[in-house]
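Open the file in a viewer and keep the selection tool at hand. The stops below say what to select next and what is there.

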Amino acid sequence: MGPSVLVVMLTVAPLQVRVLEREHPSSVRVTGTVSCGEATVPGPVEVTVGARELRVGETTCAEVVVTQATVTVGDVTRTYPGTLRLSLDGASVRLVDELDVETYLPSVVEAEAGGQKPAALEAQAVVSRTFALASRRRHRDYDLCDLSHCQLFRGTSSDEASRAAVAKTKGQVLLSGSVALKPVYFHASCGGHTSSAREVFGEDSGGPGVSDAEAGSVRCHDAPDFAWSFVLERAKASEALGGRDDVPVVEVLRRDEGGRVIELKLFGHRMTGSDFLSRAGRAFGWQALRSAKFQVEEVEGVVRFTGAGRGHGVGLCQAGAQSLAQRGVDAKGILARYFPDARLADVAGFTR
Ligand SMILES: [Zn+2]
Ligand SMILES: [Zn+2]
């Protein structure tokens, strides 16, 4: 199977995005065109969890299918494009939205980069499209979740600028090493240098990390988290992360060329920088350690982290992209800076 055939298949099949999973809904209010088995039920209806099947009024079925769906779960009401499929998942209702990638993207661009300049939004659209199409079955039973683990997705977007960015870049993806459709990533701000997916995630995609400096100034310098610090008492760290008394809280073992901590010891336990960030985030909140690009010193029972940037640092630096867009650089120019080894390709061209 040649690469173009593969790209066509990846492009044509609808994406399956699981939505509202965190809410664990036992009851979902739905409007739209609702079918439950053979029956078509006029909305609005309440879909609830039955013994072995879903329940819509007196009717039961294994799967409820809704088009033009507006869904209310607790306080959250969202409208979903595409076809929404509801099924039983233990004691809650599982909602999976099946939709074309171009229909999926406006909400992602709005949620992840809303308010940015058009060229930055277009660069985001290309990165998010590439990520989505290259991330089939990132989850076992569906392609993508609607959280930042994959990409934020909140249903239909009415943000004109995000919709325009998706339309203008329709079908455009980045091919890693100029040939392969692999996931590419983005983050809020790199703090001066990005990192490779190979170093941070152990994945071979997206190319090398790059300097985000140009003519002596760093592009994401104005980002709110360009420079940050976090101070932690050793006793607190020990309590939250399970420490020993005879070793430093954090000992950096290896950094990449972007300055990110790739490997460290936490109370003598070897782990990756990413794992450490997740553990610290769960223990102290996601505002505490904002990236793995940090220096650390421990003095008299106080651990001080001094860091730069926010997020994992791989791929597109969103704050840098915005700064380039403000200076008149177009989306292609922005992408070329953060993905120097990638080629912008038009997958829509294969399917026309
Ligand atoms: Zn996910
Ligand atoms: Zn940057």
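**Stop 1: L121**

Select L121, which sits in helix α3. The model is a predicted one. Is L121 buried or exposed? L121 has 29 other C-beta atoms within 10 Å, so L121 counts as buried, the cut-off for that class being 20 or more.

Now show its contacts, leaving out residues up to four places away in sequence: L121 touches V109, A113, Q116, A161, S162 and A165. A321 is 200 residues from L121 along the chain, and their C-alpha atoms are 8.8 Å apart.

**Stop 2: helix α2**

Select residues 101-113, which form helix α2. This helix has 13 residues, and the span from its first C-alpha to its last is 17 Å, close to the 18 Å expected at 1.5 Å a residue.

How many residues of α2 are buried? The count is 10 of 13, so the helix is mostly covered. The buried residues are V101, Y104, L105, P106, S107, V108, V109, E110, E112 and A113. To see what covers them, display β1 (15-19), β9 (92-99), α3, α4 (160-168) and α8 (318-326), which are included in the cover.

**Stop 3: α2 against α3**

Two packed helices are described by the angle between their axes and the distance between the axes. The crossing of α2 past α3 is right-handed.

Which residues of α2 and α3 meet?

- On the α2 side, select V101, Y104, L105, V108, V109, E112 and A113.
- On the α3 side, select A120, L121, Q124, A125, S128, R129, A132 and L133.

Coloured by class, this contact shows 11 nonpolar, 2 polar and 2 charged residues. The residue from the first stop, L121, is among those on the α3 side.

The spacing of the selected positions can be read against helix geometry. An α-helix has 3.6 residues a turn, so residues three or four places apart point the same way.

**Stop 4: α2 against α4**

The crossing is right-handed here.

- From α2, select E102, L105, P106, V109 and E110.
- From α4, select S162, R163, A165 and V166.

By class, the contact of α2 with α4 holds 5 nonpolar, 1 polar and 3 charged residues.

**Stop 5**

Most residues other than glycine have a negative phi, and most peptide bonds are trans. The next two selections have a positive phi.

Select L20, in the loop between β1 and β2 (27-36). L20 is not a glycine, yet its phi is positive, about 55 degrees. With 22 other C-beta atoms within 10 Å, L20 is buried.

Then go to F267, in the loop between β17 (261-266) and β18 (269-272). Phi of F267 is also positive, near 50 degrees. F267 has 18 C-beta neighbours inside 10 Å and so counts as partly exposed.

**Stop 6: V247**

From F267, move to V247. Apart from neighbours within four places in sequence, V247 is in contact with F267 and G268. V247 is in the loop between α6 (234-241) and β16 (250-255). It is partly exposed, with 13 other C-beta atoms within 10 Å.

For a distance across the model, select C61 together with V247. The two residues are 186 apart along the chain, and 58 Å separates their C-alpha atoms.

**Stop 7: C150**

Last, select C150, in the loop between β10 (144-145) and α4. C150 has 21 C-beta neighbours inside 10 Å, so it counts as buried. Not counting residues up to four places away in sequence, C150 touches S135, R138, L144 and C145. Y185 lies 35 residues from C150 in sequence, with 9.8 Å between their C-alpha atoms.

Key:
Residues are numbered from 1 along each chain as its sequence is written. Chains are lettered from A and ligands numbered from 1 in the order in which they are written. This is a predicted model: local features need pLDDT of at least 70, side-chain atom pairs count only at pLDDT 80 or more; totals for chains, interfaces and linings use all residues. Axes are lines fitted to C-alpha atoms, for helices over the stretch in contact, and angles run from 0 to 180 degrees between N-to-C directions. Helices (H or I, at least four residues) and strands (E, at least two) are DSSP runs, numbered from the N terminus. A crossing is left-handed if the near helix is turned anticlockwise from the far one by less than a right angle, and right-handed if clockwise. Two residues are in contact if their C-beta atoms, placed from the backbone, lie within 7 Å. Ala, Val, Leu, Ile, Met, Phe, Trp, Tyr, Cys and Pro count as nonpolar, Asp, Glu, Lys and Arg as charged, and the others, Gly among them, as polar. The expected span of a helix is 1.5 Å times one less than its number of residues. A residue is buried if 20 or more other C-beta atoms lie within 10 Å of its own, exposed if 12 or fewer, and partly exposed in between; C-beta atoms are placed from the backbone.
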